[in-house]
Amino acid sequence: MAEQEQPGTTTATTPTPDHGESSYVGSGKLNRRRALITGGDSGIGRAVAIAFAREGADVAIVYLPEEQEDARVTADQIEAAGREATLIPADVQQEDACRMIIATTVDALGGLDILVINAAYQQFRESFEAITTEEFERVFRTNLYSLMWLTREALPHLGEGSSIITTSSIQAANPSAGLVDYAMTKAAQVAFTSALADDLGPRGIRVNAVAPGPIWTPLIPATDWPEGKLEQFGQDTPLGRAGQPAELAATYVLLASDGGSYISGAVVPVTGGKHL
C-alpha cells in the first residue's frame, strides 16, 4: 500500500480499488435520469458513476484538472454502458465553479434529476494545534461550502422524484482525533440531510446520505497517516477488511431510484459492521 499526495489517483493506488467494472449489472432502475457526481473520477464516485450508467442514467462527473486521466477512464465506462458522459474539471472550493458545474450539467444533459455530492478532502492531524487555518478552510470549503453552493444552484432544476445524496462518513458518529476537522464536516452533512429532507419533502425531492466506513479509494493512501496506519486500514471492522467502492454502488442506486421512493432524511451506513 504505497502512499501518495493529494489528490490521489487510481493508477498510483495499490492494490487497485474495485469500482464494479467487471461485476455491476444494471436493470434499468435509472432509465432516462440525469445525474451529477462530484469526485466522480475515482473511488466511490467512479463506482457510483458506473452503476448509474448501467442503470440507464446519463452522468456528469466533476473532478480536479489534475485528475483528468482518472476522469477519462470513468467516462469510458459510462459511454461503454451506452450513456452520455459529461466531464467537468473544476475545484468545488470556489462558488463560481459550483455555479458553472450545475449550469454545464443542465446544458449538457438537458436537465438534472440526481445530485450526488461526494467530493471530499481529509488529512490526518498529529495534534489539534497542528491544524492551520489554511488547512481547515480547505476541508470546510471542499466538504461543506460546496454542499451548500451546489444544492442551492441545483434546486431550481430538480423536480418531484429527484434525489440529493451526500457522502457522509462513519466519522460523523465515531470521529477520530486526528481527523477532527474532517469529522466535523461529515457530522454537519448529517444535519444538512435531515434538515433539507424536511424542507424539500413537500416538493417531492428526497435527501439522503451514505455513511461509508473504511473504503479503499485513492483518498486513503493520499492521506498523511502516521507510520503503520495505512497498512492496518479497515482491519478493525467486524468484517476484518476495508470495503471496496463497488460495495457502495447499490446503496446510491437505491437512494436515487424509485426503489427508494419512501426513503428521505436517512443516513445509510456501509461500514463493514462498525456501529454508526
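Is Thr-185 buried or exposed? Thr-185 is buried, with a relative accessible area of 0%. The model shown in these views is predicted.

**View 1. Thr-185 sits in helix H5.** Helix H5 spans residues 180–200. Buried means under 20% relative accessible area. Thr-185 has 0%, so it counts as buried. Leave aside its neighbours within four places in sequence, and Thr-185 is in contact with Val-139, Phe-140, Asn-143 and Leu-144. Ala-60 lies elsewhere: its C-alpha atom is separated from that of Thr-185 by 24 Å. Along the chain, Thr-185 and Ala-60 are 125 residues apart.

**View 2. Seven strands form an open sheet.** The strand order is E3-E2-E1-E4-E5-E6-E7. The pairing is parallel. Strand E3 (85–89) and strand E7 (267–270) stand at the edges. Each has a single partner strand, so one side of each is left without a neighbour in the sheet. From one strand to the next, the twist averages 15°.

**View 3. Strand E1 pairs with E2 and with E4.** E1 covers residues 34–38. Four of its five residues are buried, so the strand is mostly covered. E1 and strand E2 (residues 58–63) pair in the parallel sense over five bridges. Look for Thr-38: its bridge partner in E2 is Val-62. Strand E4 (residues 114–117) also runs parallel to E1, joined by three bridges. Here Ala-35 has Ile-114 of E4 as its bridge partner. In a regular strand the side chains alternate between the two faces of the sheet.

**View 4. E1, H1 and E2 make a β-α-β unit.** The unit is right-handed. Its helix, H1, spans residues 43–54. Its two strands, E1 and E2, are parallel to each other.

**View 5. Helices H1 and H2 cross.** Helix H2 spans residues 68–80. The axes of H1 and H2 come within 9 Å and cross at roughly 20°. Angles under 35 degrees count as roughly parallel. H1 and H2 are therefore roughly parallel to each other. Their crossing is right-handed. On the H1 side, the contact is made by Arg-46, Ala-49, Ile-50, Ala-53 and Arg-54. On the H2 side, Asp-70, Val-73, Thr-74, Gln-77 and Ile-78 take part. An α-helix has 3.6 residues a turn, so residues three or four places apart point the same way.

View 6. Ser-163 has Arg-206 of E6 as its bridge partner. Helix H5, the place of Thr-185, lies across E5, E6 and E7. H5 runs at about 170° to E5.

**View 7. Helix H6 is mostly covered.** H6 spans residues 246–256. Eight of its eleven residues are buried. These are Ala-246, Leu-248, Ala-249, Thr-251, Tyr-252, Val-253, Leu-255 and Ala-256. What covers them? The cover includes helix H1 and strands E4, E5, E6 and E7.

Terms used
Residues are numbered from 1 along each chain as its sequence is written. This is a predicted model: local features need pLDDT of at least 70, side-chain atom pairs count only at pLDDT 80 or more; totals for chains, interfaces and linings use all residues. Side-chain values use heavy atoms; hydrogens and water are left out. Buried means under 20% relative accessible area, exposed over 50%, partly exposed in between (1.4 Å probe, protein chains only). Two strands pair if DSSP finds at least two bridges between them. A crossover is right-handed if, with the strands pointing away from the viewer, the path from the first strand over the helix to the second runs clockwise. Axes are lines fitted to C-alpha atoms, for helices over the stretch in contact, and angles run from 0 to 180 degrees between N-to-C directions. Angles under 35 degrees count as roughly parallel, over 145 as roughly antiparallel, 65 to 115 as roughly perpendicular and the rest as oblique. A crossing is left-handed if the near helix is turned anticlockwise from the far one by less than a right angle, and right-handed if clockwise. Contact means heavy atoms within 4.5 Å.
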